[in-house]
Amino acid sequence: TYYQGALEIMAPFPEHEYLKKVMGRFVETLAEEFVVKLYPLGSTTLEREDLASGSEPDECFYLTVNKIQAIKGKKRIDLSQDPAPDLVLEVDITSRSKHRAQTYAALQVPEVWQFDGEALTLLALENGDYVTIQRSLAFPKVASQAIESFLQQAMEKDYLELVDEFRQWLRSL
């Protein structure tokens with residue numbers, strides 16, 4: 001993350017990498033089950049040189065048709081001209097980023113999910129700052145607490161079994 005002269009570098013551990021994959025798979029499963037368009041760009045560099053801000057999210061997703069059409073197939077995303085992803089995922093277990101939320105706000109990312117290994121916080125951009133929300137802007141049928149309860153099981157359960165349980169639960173809604 002780079003924010004107005006402050007650079008933060010992180011070295012991810014296996015727990016971080018596993019949880020980001022689980023969270024990303026949950027987003028993909030939500031999109032499949034609720035028939036939401038999806039264009040995943042993983043940890044693509046998101047930056048605006050004119051704002052001296054940038055970050056490489058753990059995962060990012062474009063979920064709206066007009067944004068997908070605007071960036072699909074591009075080799076580089078220029079957020080001074082291109083739209084920001086609809087959703088960014090961040091796993092922050094070992095150290096808290098001081099500037100990540102400010103960076104995503106500067107980049108105009110509408111929604112951020114942060115998981116610290118225990119709690120999932122959903123943030124929505126409102127008037128230039130993030131506010132905590134209980135339901136995702138992209139997937140309003142599902143409360144954050146429900147996703148959090150599945151994430152809390154991630155380190156104990158088999159990956160595919162957990163994803164299947166999540167999918168079955170979504171289908172029961």
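This is a predicted model: local features need pLDDT of at least 70, side-chain atom pairs count only at pLDDT 80 or more; totals for chains, interfaces and linings use all residues.
D92 counts as buried because its relative accessibility, 9%, falls under 20%. R100 is buried as well, with a relative accessible area of 7%. Side chains of opposite charge can pair when their charged atoms come close.

The salt bridges in the model number 10. One of them joins the side chains of K67 and D86 at 3.2 Å, N to O. K67 belongs to helix α2 (residues 65–71), while D86 sits in the loop between α2 and β7 (87–91), so this pair ties together parts that are 19 residues apart in sequence. K67 is buried at 16% relative accessibility, and D86 is buried with a relative accessible area of 11%.

K74 and D82 form a further salt bridge, in which the closest N and O atoms are 2.5 Å apart. Here K74 is partly exposed, with a relative accessible area of 41%, whereas D82 is buried at 10%. Elsewhere, a network of salt bridges links E32, E33, R167 and R171.

Attention may now turn to individual strand residues. Strand β6 (residues 59–62) contains C60, which is buried with a relative accessible area of 0%. Leaving aside residues up to four places away in sequence, C60 touches Y39, P40, L41, G42, P85, L87 and V88. Of these contacts, L41 is 19 residues from C60 along the chain, yet their C-alpha atoms are separated by 5.5 Å.

Strand β4 (residues 46–48) includes R48, which counts as buried at 18% relative accessibility. The side chain of R48 makes a polar contact with the side chain of D50, at 2.5 Å. Residues up to four places away in sequence again being set aside, R48 touches S53, L79, S80 and L107.

Strand β8 (residues 111–115) runs antiparallel to strand β9 (residues 120–126), and 5 bridges join them.

L125 stands opposite Y130 in β10. In the hairpin of β9 and β10, 2 residues lie between the strands, and N127 adopts a positive phi near 55°.

Terms used
Residues are numbered from 1 along each chain as its sequence is written. Side-chain values use heavy atoms; hydrogens and water are left out. Helices (H or I, at least four residues) and strands (E, at least two) are DSSP runs, numbered from the N terminus. Buried means under 20% relative accessible area, exposed over 50%, partly exposed in between (1.4 Å probe, protein chains only). Contact means heavy atoms within 4.5 Å. Two strands pair if DSSP finds at least two bridges between them. A polar contact is a pair of N or O atoms within 3.5 Å; within protein, one must be able to donate a hydrogen and the other to accept it, and residues adjacent in sequence count only if both atoms are side-chain atoms. A salt bridge is a side-chain nitrogen of Lys or Arg within 4 Å of a carboxyl oxygen of Asp or Glu.
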